[in-house]
Amino acid sequence: MPRYRALIAYDGTEFLGWQVQPGKRTVQGELEKAVNRMAKYPDPALKVHGSGRTDAGVHALGQVAHFDLPFEIPEEGVRKGLSTILPYDIEIKQIQRVDSDFHAQYSAHTKTYRYRLTNREFRDPFRRNYTGYWPRHLNVAAMQMAIGDYVGEHDWQSFAAAGYQAKTTVRTVTRATLEQVADDELIFEFTGTGFLYNQIRIMVGVLLEIGMGSRSVHDIPRLLAAKDRQQARLTAPASGLYLKSVDY
């Protein structure tokens, strides 16, 4: 069966995350319905495999998935066909025909996540679903000094939410940046070999506490060494998190 790689963007606001859940609206579920409908399969026998899961309310600018079809269709035909079936909050940005050994998850080398934060006294109703919100003043310079401490291979046990299912909590972060793009908006970006459940949101939460002065600027190495989730405390809201890109 020919295999196709899809580059996907979605607004996660009205989804219960990526992974299929019985009776729940999920991104993977909507994609599988569309792929099977295009293939004229009566049941969802054809599966869509993503590069990784995103949680409820989390968005994607460049999620990658793959699926097999029972017959050959030109790439643009697949893209247009799925686009006419899928709901308004999922976009197929690109389709590529790939070798049968390509796997969206296992072939990936690194992923980049973006976190958008609104930092102002009152919540902006027009950004509430697309940024995290923080009402207190932040020392951005201190956060920019601290964020570099995330780079490297570490045991991230202190930054893994309860319920994570991973054989190891060791991951490598290759890049971590923070930019102030407006008076009231910050953008965090993290690139790494993989991330644990809620890891990015906990990483941002620690930086927020550093920005408020409730943690020292270089408290991150201590947290990593502690291997204790209770030490990290804060988890930033899901609404600000985006899967930006996956590299192969």
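Predicted model: local features only at pLDDT ≥ 70, side-chain atom pairs only at ≥ 80, totals over all residues.
Me: Leucine 82 lies in helix α2 (residues 75-85). Why does leucine 82 count as buried?

Reply: Residues are numbered from 1 along each chain as its sequence is written, and side-chain values use heavy atoms, leaving out hydrogens and water. Buried means under 20% relative accessible area, exposed over 50%, and partly exposed in between (1.4 Å probe, protein chains only). Leucine 82 has a relative accessibility of 1%, so it counts as buried.

Me: Which residues does leucine 82 touch, not counting residues up to four places away in sequence?

Reply: They are Ala34, Val35, Met38, Phe67, Ile92 and Ile95; contact here means heavy atoms within 4.5 Å. Lysine 33 is 49 residues from leucine 82 along the chain, yet their C-alpha atoms are separated by 9.9 Å.

Me: What makes a set of residues a nonpolar core, and which members of the largest one touch the most others?

Reply: The members must be buried Ala, Val, Leu, Ile, Met, Phe, Trp, Tyr or Cys residues, joined through side-chain atoms within 4.5 Å. The largest core has 71 residues, and Phe67, Leu69, Leu82, Tyr150, Phe188, Phe190 and Leu207 touch the most other members. Helix α4 (residues 199-212) supplies the largest share of this core, eight residues. Leucine 207 has contacts with Met143, Ala146, Ile147, Tyr150, Phe188, Phe190 and Ile220, leaving aside neighbours within four places in sequence.

Me: How do you know that threonine 112 is buried, and what joins its side chain to that of threonine 191?

Reply: Threonine 112 is found in strand β5. Its relative accessibility is 5%, so threonine 112 counts as buried. The side chains of threonine 112 and threonine 191 are joined by a polar contact of 2.7 Å. That term is for a pair of N or O atoms within 3.5 Å; within protein, one must be able to donate a hydrogen and the other to accept it, and residues adjacent in sequence count only if both atoms are side-chain atoms. Beyond four places in sequence, the contacts of threonine 112 include Arg175, Glu189, Phe190 and Tyr242.

Me: Which side chain makes a polar contact with the side chain of aspartate 184?

Reply: The partner is arginine 127, at 2.6 Å. Aspartate 184 sits in the loop between β8 (170-182) and β9 (185-192). Leaving aside neighbours within four places, aspartate 184 is also in contact with Leu117, Thr118, Asn119 and Arg120.

Me: Is glutamine 28 buried or exposed?

Reply: Buried, because its relative accessible area is 13%. Glutamine 28 lies in helix α1 (residues 27-38), and a polar atom of its side chain is 2.9 Å from the backbone nitrogen of valine 20. Outside four places in sequence, glutamine 28 has contacts with Trp18, Gln19, Val20 and Val48.

Me: What makes phi worth a look at lysine 40 and asparagine 198?

Reply: Most residues other than glycine have a negative phi. Lysine 40, which is not a glycine, has a positive phi of about 65 degrees, and phi of asparagine 198 is near 70 degrees. Lysine 40 is in the loop between α1 and β2, and it counts as exposed because its relative accessibility is 72%. Asparagine 198 is in the loop between β9 and α4; at 15% relative accessibility, it therefore counts as buried.

Me: Where is the centre of the largest pocket, in terms of the residues nearest to it?

Reply: Gly52, Arg53, Gln105, Lys111 and Phe195 lie nearest the centre, among 40 lining residues. The elements giving two or more residues to the lining are β2 (49-50), β5 (110-119) and α4, and α4 gives the most, three.

Terms used
Helix = DSSP H or I, 4+ residues; strand = E, 2+ residues; numbered from the N terminus. 1 Å grid on protein atoms, 1.4 Å probe; cavity = no way out; pocket = protein on both sides within 12 Å on 5 of 7 lines; lining within 4 Å.
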